[in-house]
Amino acid sequence: RSENLYRTVFENTGTGTILIGPDTTILRANKGFERLTGVSRKEMENQLSWTTFIHHDDVERMKQYHTERRRDPVAVPNVYECRLVDSGGVIHFCFVHVDVIPDTGNSVASVVDVTPLKTAEDALRQSEEKIRVILDNLPDLVVVHRDGVILYVNPAMTESMGRLPDEVVGHSILEFIAPEYHAKVAESIRLRLDHGLNESYEIELQPREGKRRIVNIRGT
């Protein structure tokens, strides 16, 4: 019964899972690891090292973890990222969770393929970089805020205010607006958030030095 339970859990973890010997040989692999690598269990069990599937830039680091884990399990991380290369040469970005099985020299590793997440993150980062380039070069004064707290200002805005970005980001937008317009700005933000109402109106900014600047606000 214990063996049946072990086999059932091993095969149905939802991730690629392998049992590893002290010499890095794959002793057992589940269907998830077969799918991930494109190699059958018959071809890998008791024949291949897990290093066969690891990107060459990650192998030495992971081999060091493998060795040190058997000397002192807490000396190395048991959750980390690596790149796995399948039988077709396709690189998969993965999270690996490894633990030594008590009273044995063996370890069990679960491998989660996070390539779609990495791809989405890269696309988002590239999109954000493009947007930032555009915003940084606009002549318009641009402020991004949440509930009135400034998250981003473009160079045109900081130059107009005579301040550095660090002196603006994290502060309330009201600090840089003439007091008589505070109620108007707060009400406009409320209407925009609660009802989606966008309007244009004029206010006066208070630079660090010099005269106030009259600006037309277009919030969205």
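This is a predicted model: local features need pLDDT of at least 70, side-chain atom pairs count only at pLDDT 80 or more; totals for chains, interfaces and linings use all residues.
Student: How many salt bridges does the structure hold?
Tutor: A salt bridge here needs a side-chain nitrogen of Lys or Arg within 4 Å of a carboxyl oxygen of Asp or Glu. By that criterion, the number of salt bridges in the structure is 16.

Student: What separates Arg71 and Glu68 along helix H4?
Tutor: The side chains of Arg71 and Glu68 meet in a salt bridge, with 2.9 Å from N to O. Arg71 is exposed at 62% relative accessibility, and Glu68 is partly exposed at 25%. Because they are 3 residues apart in helix H4 (residues 56-71), their separation is about one helical turn.

Student: How many residues apart in sequence are the parts that Arg212 and Glu180 tie together?
Tutor: Arg212 and Glu180 form a salt bridge, their closest N and O atoms being 2.5 Å apart. Arg212 lies in the loop between strand E8 (200-205) and strand E9 (213-218), and Glu180 in the loop between helix H6 (155-161) and helix H7 (182-195), so the parts they tie together are apart in sequence by 32 residues.

Student: Is Glu204, a salt-bridge partner of Arg212, buried or exposed?
Tutor: The closest N and O atoms of Arg212 and Glu204 are 3.3 Å apart. Buried means under 20% relative accessible area. Glu204 has 18%, so Glu204 counts as buried.

Technical notes
Residues are numbered from 1 along each chain as its sequence is written. Side-chain values use heavy atoms; hydrogens and water are left out. Helices (H or I, at least four residues) and strands (E, at least two) are DSSP runs, numbered from the N terminus. Buried means under 20% relative accessible area, exposed over 50%, partly exposed in between (1.4 Å probe, protein chains only).
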